[in-house]
Amino acid sequence: MTEDVPLLVIVDAANVVGSVPDGWWRDRRGAAERLRDRLAADGVPGRAGPVEIVLVVEGAARGVESVPGVRVESAAGSGDDHIVELVERAGDRPCLVVTADRELRRRVTELGAEVAGPRTVRP
């Protein structure tokens, strides 16, 4: 791959939102929208160069709209399975998956993705 291919950053919305006990469970969709908006405004701190951000939502957060800078994908079933599919489709493209889920981390690293925890994108 060439250097001008942006890093694909796939964010596990449920896992990242759930990493801070700030009442997100009362409004899962609103919490996912706040995360989306923060990603659109701040990008991925510490990552130089262009990035393409994909926020994967599931359950009650399905239907959150994309905004400039963040593509939102609603998982039809398991968010983890959808994230794995995105990494598989990326092929040799560099990928970073943001999640603390151990099993998901194992699955995507086996496919060659890099992983980082929720603090990567949360203040």
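In what follows, a residue is buried when its relative accessible area is under 20%, exposed when that area is over 50%, and partly exposed in between, with a 1.4 Å probe and protein chains only. The model is predicted, so that local features need pLDDT of at least 70 and side-chain atom pairs count only at pLDDT 80 or more, while totals for chains, interfaces and linings use all residues. Residues are numbered from 1 along each chain as its sequence is written, and side-chain values use heavy atoms, leaving out hydrogens and water.

**Exercise 1.** Find which residues of helix 2 are buried, and what covers them.

*Solution.* Begin with the elements, which are DSSP runs numbered from the N terminus: helices (H or I) have at least four residues and strands (E) at least two. In helix 2, the buried residues are G30, A31, A32, L35, R36 and L39. Their cover includes strand 1 (7–12), helix 1 (13–17), strand 2 (51–57) and strand 3 (70–74).

**Exercise 2.** Compare the radius of gyration of the protein with that of a compact globule.

*Solution.* The radius is taken over C-alpha atoms, and the globule rule is 2.2 Å times the number of residues to the power 0.38. For 123 residues the rule gives a value near 14 Å, and the protein has 13 Å, which agrees. Of these 123 residues, 41% count as buried.

Notes: Contact = heavy atoms within 4.5 Å.
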